[in-house]
Amino acid sequence: MPSPALSTAKAGPRIKEIHITPIAIVDPPLLNAAGLHAPYALRTVVELVTDDNISGISEIPGNRAIDEALAASRPLLIGRDVFQLNDIRQVLESNFGRETAAERGLTPWDQRKLVHIFSAIEVACLDIIGKVVGRPVVDLLGGRMRDRVPFAAYLFYKYEGAGGELGFGTDPEAAGWAAARQAEALDPAGIVAQAKAMCHEFGFQSIKLKGGVFEPQQEVDAMFALYEAFGPDVPLRVDPNALWTVETAIRYGRMMEPILEYLEDPVRGQANMAEVRRAVKTPLATNMCTTSFADIPNSIVLGSEDIILSDHHFWGGLRASMTLAGICETFGRGLSMHSNSHLGISLAAMVHLGAALPQLPYALDTHYPWQSDEIITAGRFTFEDGAVAVPQEPGLGVELDRQALANLHECYLACGLTKRDDEIEMQKKQPGWTFQAVRW
Ligand SMILES: [Mg+2]
């Protein structure tokens, strides 16, 4: 039975429409443990419209199966009060059932449905709630702890090209970051050149290299080359995406102890991570072995990592990410943020969350510099000294550019991609290449 307080509470705006728009955005040929980024990355933009015509938006990684599951949940969501997020979560959870960590998949990105769907609905509802009460989303998460949120330079080994259709976006006259963004980077010198151009353009003060592409010594050489080029005051991280064996991780992890801020997912699974963690002094971070609340008890028992890289798309939204922050605080874990190719709606949500976190000892990950498209009316976010200012406007503080959304949806229909598959893309460059969960 509802309590009297609940039954007499004023009802908030109710969800009247749910618009789900898959889009394809130009993405350069970035290499990673799972293969190669396709010429387009997929995102899905979700817009909720209330019965009093307030619009709220969100963005999640694009995947047709998740889009279909989201569309199928429409009847469960239409008519619900946007303030009743606990109720909405329960309704979705009882419909989809709890997902296990195994459903995440072996790839560096998460393939669970419920966390994506709840993230999409929750962020859009918070955007609406913010507009109703006239406060930015950060204030709905408990208020801002900082005005600017720092991000890290996210380096990739890559082939030449800027993404999109053959030759699209490549500019022989390009200079600075525009040139580096399309340049090949397949060795330590290429990585250092990429880092210099990216840090010069965006002012980043921490650097991460996506590893798991070449045999470990080459990637370790790249880290030492970065250390040589940027000095001891720029924190460095490398992420082999769990492709190393325990022996490899201990050997190369020890080698990099003097130069790393943290080592991200050197090995697969919590038990292996714990073994490496006991042998290497550098803190270990993860977005692969402890990726859901169900993973937390074993993480604590085993001691599998020092830092959890949250991602509101994968942890079920912004409020769930705040819950994760509390758990990390309780158990002495650091907290930072993981990213995938994304646009400004996701970045806005990441910035609101980053501003609300009690502690922010590490610059957050973002792929944003690698993207050139945008779907918000204000255009692309700017970085100052590597940081993004927290939007002050009510809600997320960004509005949908409907023409850009329509264009990028056309691009989605034309490109023919329905989910991310870096293995297929890599096979176009290296026939016979296959993903291996552990390679070195
Ligand atoms: Mg990672």
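Are Asp-239 and Glu-264 buried or exposed?

Guide: A caution first: this is a predicted model. Asp-239 is buried, and Glu-264 is buried too.

Start with the metal. The magnesium ion has three residues listed as donors: Asp-239 through OD, Glu-264 through OE and Asn-287 through OD1. Asp-239 sits in strand 9 (residues 236–239), and Glu-264 sits in strand 10 (residues 262–264). The two are 25 residues apart, so the pair links distant parts of the chain.

Asn-241 is found in the loop between strand 9 and helix 10 (246–255). Its backbone deserves a check. Asn-241 is not a glycine, yet its phi is positive, about 55 degrees. Asp-265 is found in the loop between strand 10 and helix 11. Asp-265 also has a positive phi, near 40 degrees, and is a residue other than glycine. For context, most residues other than glycine have a negative phi. How accessible are these two? Asn-241 counts as buried because its relative accessibility is 1%, under the 20% cut-off. Asp-265 counts as buried because its relative accessibility is 0%.

Follow the chain into helix 11, which spans residues 270–279. Glu-275 lies in this helix. Glu-275 counts as partly exposed because its relative accessibility is 37%. From Glu-275 to Ala-249, the C-alpha to C-alpha distance is 9.8 Å. In sequence, that pair is 26 residues apart.

The UniProt annotation, from an unreviewed entry, reads "domain: Mandelate racemase/muconate lactonizing enzyme C-terminal" and covers residues 188–283. Over residues 188–283, the model is 52% helix and 11% strand. The end C-alpha atoms of that span lie 23 Å apart.

Next, the cysteines. The count of disulfides comes to zero. Take Cys-328 as a case. The closest cysteine sulfur to that of Cys-328 belongs to Cys-289, 12 Å away, which is too far for a bond because a disulfide needs sulfur atoms within 2.5 Å. Cys-328 counts as buried, at 3% relative accessibility. Cys-125 is buried as well, with a relative accessible area of 0%.

Strand 7 (residues 153–156) and strand 8 (residues 207–210) run parallel, joined by four bridges. In strand 8, Lys-208 is the bridge partner of Tyr-154. Side chains in strand 7 split by direction. Ala-153 and Leu-155 point one way, Tyr-154 and Phe-156 point the other way, and all are buried.

Key
Residues numbered from 1 in each chain as written. Predicted model: local features only at pLDDT ≥ 70, side-chain atom pairs only at ≥ 80, totals over all residues. Heavy atoms only, no water. Donors = N, O, S within 2.8 Å, 3.2 Å for Na, K, Ca; no water. Buried < 20%, exposed > 50% of the residue type's maximum accessible area, 1.4 Å probe, protein only. Pairing = 2+ DSSP bridges. UniProt positions renumbered as here; feature names shortened; annotations may be inferred.
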